[in-house]
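Dear colleague,

I am handing over the structure below for your reading.

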Amino acid sequence: MEFVIAPPRRWLSVDWRELWRYRDLFLVLAWRDVAVRYKQTALGIAWAVFQPFVTMIVFTLIFNRMANITSGDGTPYPIFLYLGLLFWQYYSGTLTNASNSMISNASLIQKVYFPRLIVPATAATTGLIDLAISAIILVGMMIYYGVMPQWVGVLILPALLGCAVLSALGMGLLMASLNIKYQDVRFALPFFIQSILYVTPVIYPVKMLDNHPVVKNLMLWLNPISGVITNARAGLLGQGTVDFGVLGISLLMSMVYFACGLYYFRSTERYFADIV
Amino acid sequence: MSRPIIEVSGISKCYRIGAAREPYLSLRDELARKARRASSALFRIVSKEPNPRPGGQTDFWALNDVSFSVREGEALGIIGRNGAGKSTMLKILSQITPPTKGRITMRGRVASLLEVGTGFHPELTGRENVFLNGAVLGMTRAEIRRKFDEIVAFAEVEKFLDTPVKRYSSGMYVRLAFAVAAHLEPEILLVDEVLAVGDAAFQKKCLGKMGNVAKEGRTILFVSHNMGAVKRLCQRAIWLDRGELKKSGDSDSICEAYLFSGQNMKSGRHLFHDKKKHLVEYIKAETVNPKGETTGIFRADEPIRFRIAYRVNRNIGGVTLVLNICTSDTASLWAVSDIDVFADLIARREAGEWSYECVAPGNVLKPGRYLAALGAGNLNGEFYHHPDLFPFEVTTEGYWRESHKYFGVGGGGPVAVPMRVERPVPIGRNDDRIAGRDLP
């Protein structure tokens, strides 16, 4: 095995073979994050369920009972909301964790070489585990409300998850690189995430914007999670039809976000150890 | 002969002080800087001035055009003062940071050990941390599973495997961490100063393990302040000084050249810089001649006064401070503890800065170069050697053994304790078994 260490060139492609060689480290770091997160808690892994569940109850009381927002197609509001929240929490959690991942793993980055990409990718993976656990409640609610998913919905599920992972990780990579250089990110990010919640159809259906086509299209184009949530509701909750046009847009935009994030991350990562 | 396993050619590393060294910029500052730069660029076009360096930044070359190569199976020591670029070199070799200029070719699987216990998580158990740390250092899960028992046995922590490491004593923690690292099987191993932790017995065990690694034909690059360790482990060494390669060659002569290098030698004053906090820290050591001058050079018949300043960080008991006089190849000649004479110090030492002196009598050390080493021990028999040795020299001036004029100072053992010698007297007339030479 021979390799050369030299000053970095501007354009760097991702060495997928090297990433594959480091898969064990990736798995171990992902396992560490999950193991450590719930280690000292009394509820343990139940926290993954507890958070979206309580949020669902609170939001249902406020937005459905008090503000009279409904799903718009006859789907019970709690399940409509909970499905949206699952994807939203995955997106916001991954974005937050990925952004902070380079800082919280600074001691590793300064002492050992490995493809830096592993660190934010770990954040995107552990989020999936939380998502899977909190999805148990969703299944319970589907049985309770007697909601049957369409087969199309189950089939497009991998594509929906793929969109969520790519868009969250893409934005996360960008934020992680910026976070190393600028402390501002740490303050701006929670505010930023909170703001996107309101421009994502989590607590309201996208149909509410039918009278504002420009806003609706901007939301579906710029924010892939909007399309993901809309199609997940159509496919999994039995009402409405899956919009493959919107699915295509979401996929395309997630890839664009991912490519941008990846490019920026790759072009700055070699100097992380000097700055962190 | 095969090609070298590591070829380093013309490596330079520049840090931009003011930007890269200031860890956190705020976005506002950066935007302001960009705007300033843009406006000055505009101004430049108008006035045709040369391109200035962006505001307030200076370049610091941590490494400057360093080249060397290492053959397979060789152990190379890298020595030099703090800030000489040793650690930067190792970071570049480990791919943690890229070089600014130059090129390195590596022909083998590399593992770097820049710290003991990288990635250890306090909440996880010993068992879990072995897997975590192993993966961080580049082992596969299968590899760790295979060596697990061996690692645990080496660390001697069998009973605490399922205890979170935050409840480990610092000794146990270091043992477990080193045990994982010691079981790496790379073709090239990069090691930075990791032996500065742990007690003497464990350090010895680690050095032994690394020696075995070297004997198995693997290549080691070893950065250390500990000249004894470098000499024992490495055949060759390079000496870095202010980012440049000062000298390279066999480790004995390089270590000696480094230890006795010019200013180090004549001043007779040595300041210690400890990166880590210890209970007792050495601040300064001086060698003083009978005239009261601080110097590193002594007549053979002069007593040598060692003046040692240290800091005790809190009131403690059970600690002894040791001064060790060593030969130039770091073999100990003799040592003295302050508690040897002042036994009350064993009970209690008060916090604060202290100075103590000990005097080595004249007419004992032969002319030559010596090293003094400082250390501290506790009642559990744990002993810590400060890695910085400070040198001094004894000249032939005033040396009581006239014979050195004919035979040199080399023979006759490590010291020259004066013995009373009486003039020969005749025993019998015809006793001429020893044929002497007529002196003029």
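Two strands are taken to pair if DSSP finds at least two bridges between them. Please note that the model is a predicted one. By that rule, β5(B) pairs with strand β6 (residues 188-192) of chain B in the parallel sense, over four bridges. Within this pairing, B:I188 in β6(B) is the bridge partner of B:V110.

These two strands belong to an open sheet of six strands in chain B, in the order β5-β6-β7-β3-β8-β9, with mixed pairing. β5 (110-113) and β9 (244-250) of chain B stand at the edges with a single partner strand each, so one side of each has no neighbour in the sheet. Neighbouring strands are turned against each other by 15 degrees on average, direction ignored. Helix α8 (residues 251-259) of chain B packs on the sheet, where the helix touches β3 (75-79), β8 (236-241) and β9 of chain B; its direction makes about 135 degrees with that of β9(B).

Chain B as a whole has 11 helices and 19 strands. Of its 440 residues, 35% are buried.

Turning to the two chains, 41 residues of chain B are in contact with 30 residues of chain A. On the chain B side, α1 (27-47), α2 (86-93), β4 (101-106) and α3 (126-136) each supply at least two residues. The residues of that side comprise 19 nonpolar, 12 polar and 10 charged. Strand pairing also links the chains: strand β1 (residues 3-5) of chain A and β4(B) pair in the antiparallel sense over three bridges. There, A:V4 stands opposite B:T105 in β4(B).

With kind regards

Conventions: Residues are numbered from 1 along each chain as its sequence is written. Chains are lettered from A and ligands numbered from 1 in the order in which they are written. This is a predicted model: local features need pLDDT of at least 70, side-chain atom pairs count only at pLDDT 80 or more; totals for chains, interfaces and linings use all residues. A residue is buried if 20 or more other C-beta atoms lie within 10 Å of its own, exposed if 12 or fewer, and partly exposed in between; C-beta atoms are placed from the backbone. Two residues are in contact if their C-beta atoms, placed from the backbone, lie within 7 Å. Ala, Val, Leu, Ile, Met, Phe, Trp, Tyr, Cys and Pro count as nonpolar, Asp, Glu, Lys and Arg as charged, and the others, Gly among them, as polar. Axes are lines fitted to C-alpha atoms, for helices over the stretch in contact, and angles run from 0 to 180 degrees between N-to-C directions.
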